[in-house]
Amino acid sequence: MSGVEVGAAAPGGGAAEKKIVRPYGDTTGDGMVQVSFTLPVPHDKRAEGAAVQLANKMGIDPAMLVHAKQMGDGFTFFVVYGRVNHLVDLAAVQVVERDFPLLSAKEVNAVVKQRLRRKLSVVGACIGTDAHTVGIDAILNVKGIAGEKGLEYYRELKVTNLGAQVSVPELVEAARVEKADAVLVSQVVTQRDAHLHNTREMSAAFREAMPAGKRPLLIVGGPRFDETMTEELGVDRIFGRGTTPGEVASYLVHALITNRKAARA
Ligand code: B12
C-alpha cells in the first residue's frame, strides 16, 4: 500500500487534487506512529497498562509500550509505538504560506532607501515574564542564525532590541519614542497559554495607545504559535519555528512598503 494516494480532482474541476497520506513506520503506509507522554503515577505494571490504554484511546491500536522510565517521585515517562488508521488529505491542510518575495539584504536596503527615504524603525522584545531571548536575538542581532545575519546588519533598518521580560507599557512607550514602523515580540513560554494572553494584551494596548493608521505593524514569533491565529490575536503576522531574519526583513518591506495596505485598524 502506498503512503501517498492521489485521488481525483476536486468536483467542479477545482485544482486541489486529493492527496492522501498515512504515516510510515517500518514499511510504506503502515500507519505506524510513535508518541511520548508522562503520567502522574509511579512506574509499575498498572502504570504501563494505563499508558497502553491511553494510546488505544488516542486511536493507536495495537499499541506497543517501547519505553517507560520513572521521572522523580510519582511520574513515569512513556514511549508508545503503534498503528493509527487516520488519513490526512494534503489538499485539505491549511497553512500560512509565504505570500511575499524573499529579498536579499541588499534588495531590502535598496527598497527602504528609495521608497521610504528614511530608516525603517524596528522595536523588539520578549514580553511578560518570558526570558527566552535567543529567538528574538537570532532575528534582530547582527549575529543572526545559521549563518544568516540579523536585522541589525541591514543598513537601512534601525533596530532597538529591548531584551527580556519587557512589560507591555514599556514596549508601547519604546515604540512611541523610536517611532517604530514595526514591533517584533517573542513568546516562547506557552504554559497556561501565556503566549496567547500576552500577545492579546500587547495588541490591545497598541490599539488603545495609538489611533488607527498610526500603530506600528505588530509581529509575534515563537516556536509554538499557530501561524493562522493572526486575527484572533490582533497581530499582522505570526512567525514560527525556524524563521530566518531574511524572511522577516522581506515581510517588513512587503507589508510596510511594496504592498502597503490602507491604514491598519
Ligand atoms: C535556552 C532555554 C532557556 C534559557 C533561555 C536563555 C535565553 N537568554 O534565551 C533559560 C535557562 C534562561 C531558560 C529558562 C526557562 N525555561 Co527554557 N528553554 C530553553 C531551550 C533549551 C532553548 C530555547 C532556544 O533558545 N531555542 C533556540 C531559538 C533560536 O529558537 P526559538 O526560540 O524557537 O526562535 C526561533 C523561532 O521560534 C522564531 N522566533 C522566536 N521568537 C520570535 C520573534 C519574532 C518577532 C519572530 C519574527 C520570530 C521569532 O525565530 C527564531 C529563529 O528561527 C528550550 C527547549 C528547546 N530545546 O527549545 C527551553 C524551553 C523553551 N524552556 C522552558 C521552560 C519551562 C523554562 C523555565 C520556565 C524553566 C524553569 N522552570 O525555570 C524557565 C523560564 C524562564 C523565563 N522567565 O522565561 C520550556 C517551555 C515550555 C513551554 N512551552 O511553555 C522549554 C520548551 C523546555 C521544555 N521542554 O520544557 N530556558
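## Terms and model

Two residues are in contact here when heavy atoms of theirs lie within 4.5 Å. The structure is a predicted model.

## R237 in strand β11

R237 belongs to strand β11, which covers residues 237-239. Leaving out residues up to four places away in sequence, R237 touches V96, E97, R98, D99, F100, L218, I219, V220, T230 and Y251. With D99, the side chain of R237 also makes a polar contact, side chain to side chain, at 3.1 Å.

Is R237 buried or exposed? Its relative accessibility is 11%. Buried means under 20% relative accessible area, so R237 counts as buried.

## The nonpolar cores

The largest nonpolar core has 27 residues, and the members that touch the most others are L120, L140, L151, L184, L217 and L252. Several elements give two or more residues to this core: the helices α2 (105-116), α3 (134-140) and α7 (245-258), and the strands β7 (120-126), β8 (157-161), β9 (182-186) and β10 (217-221). Helix α7 provides the largest share, eight residues. A separate core of 24 residues lies apart from this one, and its members include I127, L218, F225 and I238.

When neighbours within four places in sequence are set aside, L120 is in contact with V112, E156, L157, K158, D181, L252, L256 and I257.

## The shell around the ligand

Around the ligand there are 28 residues, of which A131, H132, S186, T190 and T243 come nearest. By class, this shell has 12 nonpolar, 13 polar and three charged residues. Helix α3 and strand β9 each supply at least two residues of the shell, and the largest share, four residues, comes from α3.

A polar backbone atom of T243 is 2.7 Å from an oxygen atom of the ligand. An oxygen atom of the ligand also lies 3.2 Å from a backbone N or O atom of V134. For R224, the side chain is involved: one of its N or O atoms is 3.0 Å from a nitrogen atom of the ligand.

Terms used:
Residues numbered from 1 in each chain as written. Predicted model: local features only at pLDDT ≥ 70, side-chain atom pairs only at ≥ 80, totals over all residues. Heavy atoms only, no water. Core = buried A, V, L, I, M, F, W, Y, C linked by side-chain atoms within 4.5 Å. Buried < 20%, exposed > 50% of the residue type's maximum accessible area, 1.4 Å probe, protein only. Near = heavy atom within 4 Å. Polar contact = N/O pair within 3.5 Å; in protein donor to acceptor, adjacent residues only side chain to side chain. Nonpolar A, V, L, I, M, F, W, Y, C, P; charged D, E, K, R; others polar.
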